[in-house]
Amino acid sequence: MKKIVKKPVIAVGPFHPLQEEMEFFQLTVDGEIVTDIDMRLSYNHRGIEKISESLQFDQVPFLISRICGICSASHPLAYVQAAEEIADIKPPERALYVRTIINELERIHSHILWVGLAGHFIGYDTVFMWAWKYREPVLDLLEEITGNRNNYGNVKIGGCREDIPNEIKPRILKELDEIEKKMDMLTKAVLDDPVLHARLKGVGILSKADAIKYAVVGPTARGSGVDIDVRRDDPYAVYSDLDWNVITQPEGDVFAKAVVRLLETFESIKMVRQALKKLPDGPVTIEVKEIPPGEAVGHVEAPRGETFHYVRSDGGNRPVRHKVRAPSYVNVPSFKASCIGEKIADVTITLAAVDPCYSCTERVAAVDSRSNVIHDYENLLRLSREKTEKIKEGKK
Amino acid sequence: MNQIELKNKLSEIKDKLDAIEQKAENRIYLTCKAENACAVNRFLLEDIGARFCVATGIDADDCFEIIYHYSYDQTGCCINIKAVISDREKPAIESITPFLPAAEWAEREIHDILGIDFKNHPNLRRLILADDWPEGVYPMRKEIKATNT
């Protein structure tokens with residue numbers, strides 16, 4: 001009689017208490033080692049592309065800011081650039097600078113957020129507390145400029161809704177100095193920590209070949225040595241007028257992705273400073289009459305990678321098709337390459353390393369087939385943290 | 001390859017294309033028939049080395065369109081392949097996932113929302129529709145109206 005081999009499956013999700021969107025991972029394991037991974041998503045499908053077809057062109061940016069609370073400047077900008085291309089609209093110079101500043105502030109707060117979450121995942125809650133504390137002033141600046149901490153709704157076809165008042169420029173610069181100092185300290189603390197080296201180096205490696213095969217984008221690609229960045233490759237707003245560097249790391253592990261994000265934060269601070277210095281006078285918006293028939297694509301480098309929008313108009317006041325592709329859409333399938341062969345305790349941080357948009361609640365039920373112990377989410381988090389502790393003690 | 005070399009290279013597959021349009025400085029649109037889509041995608045991926053971004057499925061009233069979006073990062077040029085499927089009753093097209101794993105989700109999504117069959121797709125399960133969504137109802141077809149209007 002043929003023996004049926006039962007493979008234990010660990011379910012991660014669909015509800016995740018730490019991140020923003022619901023996703024469901026099924027890890028097939030052999031002992032501690034992950035041998036296969038299956039993903040399900042779209043528990044949070046809100047039909048935004050369909051709703052977008054029923055809204056007027058100028059209403060759409062406010063809808064699509066809500067695609068993601070963290071990338072809420074990048075999605076509308078990608079859409080607006082596509083719409084402006086169809087109608088051949090050139091927004092005023094000052095608006096382009098304001099867009100650049102908002103988008104870079106967004107990248108700063110998003111990367112700091114990730115560093116904090118990564119610390120939390122591996123049981124380094126000090127990093128979490130520090131990082132989130134340093135992120136707060138960035139959100140205050142965004143609130144002061146746009147009126148909102150998130151979902152800024154600041155970009156519109158033909159320019160920007162809110163201008164950056166010249167009076168608050170010195171305050172922004174002062175805050176940037178503060179953030180830079182603190183990030184410098186945090187970066188050194190993270191990059192020099194022997195426990196973090198032991199915990200993150202060589203973990204969840206995504207090779208350059210796999211990164212190209214899965215067409216990943218953003219820090220996930222740059223952490224694997226793929227030198228792409230929409231801001232440099234297909235410059236929009238005023239990125240081509242600023243002096244900055246694309247950060248890449250060849251290793252492809254979780255540590256490399258952390259390094260890319262931390263160093264990018266400093267590049268973003270540099271860019272905001274330059275943009276504020278060069279900020280020209282003038283209006284931030286022009287009048288837009290109509291969007292003629294046509295089609296266009298717009299892509300923007302969001303904190304997590306390239307955000308891609310396709311817009312088609314038939315000359316009416318609503319888009320006939322609006323396609324949205326968020327960066328996690330191409331980054332998440334790369335787990336097939338980065339998680340297989342890893343230990344279960346390392347999967348949490350490997351999944352978190354691409355900074356996917358998960359959801360706000362998670363349920364994990366892991367059954368160890370040998371001892372019949374049921375692990376829940378808390379248990380898995382404990383496993384991950386215990387591993388860090390063990391490494392820490394071994395180092396002492 | 002710079003922009004001019006890229007355009008010259010694209011003309012190598014002219015016989016598989018119905019049109020080549022350049023709508024903006026860095027935006028090229030190729031139109032082809034559904035049966036040629038695979039060959040054109042393979043050419044962009046292997047001969048040009050473009051990066052696959054995503055595919056868009058469109059209900060264009062008398063036909064379906066699949067637009068495969070690529071980015072050629074050396075020049076920042078977006079190349080879009082528009083494949084036209086004229087059979088509205090049983091829309092089908094050859095899958096590109098066997099040689100381009102990054103397209104798996106995009107094709108599964110279009111299958112969900114427009115009911116287009118991707119032939120030889122290795123895993124054409126539901127991606128974005130809920131488990132209890134009725135079979136044969138495709139939300140992005142024009143006859144389905146969004147309820148908030």
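Visitor: What is the strand order in the open sheet of chain B, and what is the pairing called?

Guide: This is a predicted model. In it, 5 strands of chain B form an open sheet in the order E1-E2-E5-E4-E3, and the pairing is called mixed.

Visitor: Why are E1 and E3 of chain B called edge strands?

Guide: Each has a single partner strand, so one side of E1(B) and one side of E3(B) is left without a neighbour in the sheet. From one strand to the next, the twist averages 20°.

Visitor: Which helix lies across E3 and E4 of chain B, and how does its direction compare with E3(B)?

Guide: H3(B) does, running at about 10° to E3(B).

Visitor: Which elements of chain B face chain A?

Guide: The contact between the chains takes 26 residues from chain B and 24 residues from chain A. On the chain B side, strand E3 (51-60), strand E4 (63-72), strand E5 (77-85) and helix H3 (104-114) each supply at least two residues. E3(B) gives the most, with 6 residues. By class, that side of chain B has 15 nonpolar, 7 polar and 4 charged residues.

Visitor: What confidence does the predictor give chain B and the complex?

Guide: Chain B has a mean pLDDT of 90, and 97% of its residues reach 70 or more. For the complex, the ipTM is 0.94 and the pTM is 0.89.

Visitor: What makes H4(A) and H14(A) antiparallel or parallel to each other?

Guide: Helix H4 (residues 93-121) and helix H14 (residues 344-353) of chain A pack at an angle of about 170°, with their axes 10 Å apart. Angles over 145 degrees count as roughly antiparallel, and H4(A) and H14(A) are therefore roughly antiparallel. Leu117(A), Ala118(A) and Phe121(A) of H4(A) make the contact with Thr348(A), Ile349(A) and Ala352(A) of H14(A). The classes in this contact are 5 nonpolar, 1 polar and no charged residues.

Visitor: How is chain A divided into domains, and how many residues are in contact across the boundary?

Guide: Domain 1 of chain A covers 9-44 + 334-395, and domain 2 covers 48-329. Their C-alpha centres lie 27 Å apart. The contact involves 24 residues of domain 1 and 29 residues of domain 2. On the side of domain 1, helix H13 (335-338), H14 and helix H15 (377-395) of chain A each supply at least two residues, and H15(A) gives the most, with 7 residues. By class, that side has 10 nonpolar, 6 polar and 8 charged residues.

Visitor: Why do E6(A) and E8(A) stand at the edges of their sheet?

Guide: The sheet has 3 strands in the order E6-E7-E8 (chain A), with antiparallel pairing. Strand E6 (294-302) and strand E8 (319-325) each have a single partner strand, so one side of each lacks a neighbour in the sheet. The twist averages 15° from one strand to the next. E6(A) and strand E7 (residues 305-313) of chain A are joined by 9 bridges, and Val297(A) stands opposite Tyr310(A) in E7(A).

Visitor: What angle does H3(A) make with E6(A), and what is that angle called?

Guide: Helix H3 (residues 74-87) of chain A lies across E6, E7 and E8 of chain A at about 150° to E6(A).

Conventions:
Residues numbered from 1 in each chain as written. Chains lettered and ligands numbered in written order. Predicted model: local features only at pLDDT ≥ 70, side-chain atom pairs only at ≥ 80, totals over all residues. Axes fitted to C-alpha atoms, helices over the stretch in contact; angles between N-to-C directions. Helix = DSSP H or I, 4+ residues; strand = E, 2+ residues; numbered from the N terminus. Parallel < 35°, antiparallel > 145°, perpendicular 65-115°, else oblique. Contact = placed C-beta atoms within 7 Å. Nonpolar A, V, L, I, M, F, W, Y, C, P; charged D, E, K, R; others polar. Domains from an automatic or database assignment. pLDDT = per-residue confidence, 0-100. Pairing = 2+ DSSP bridges.
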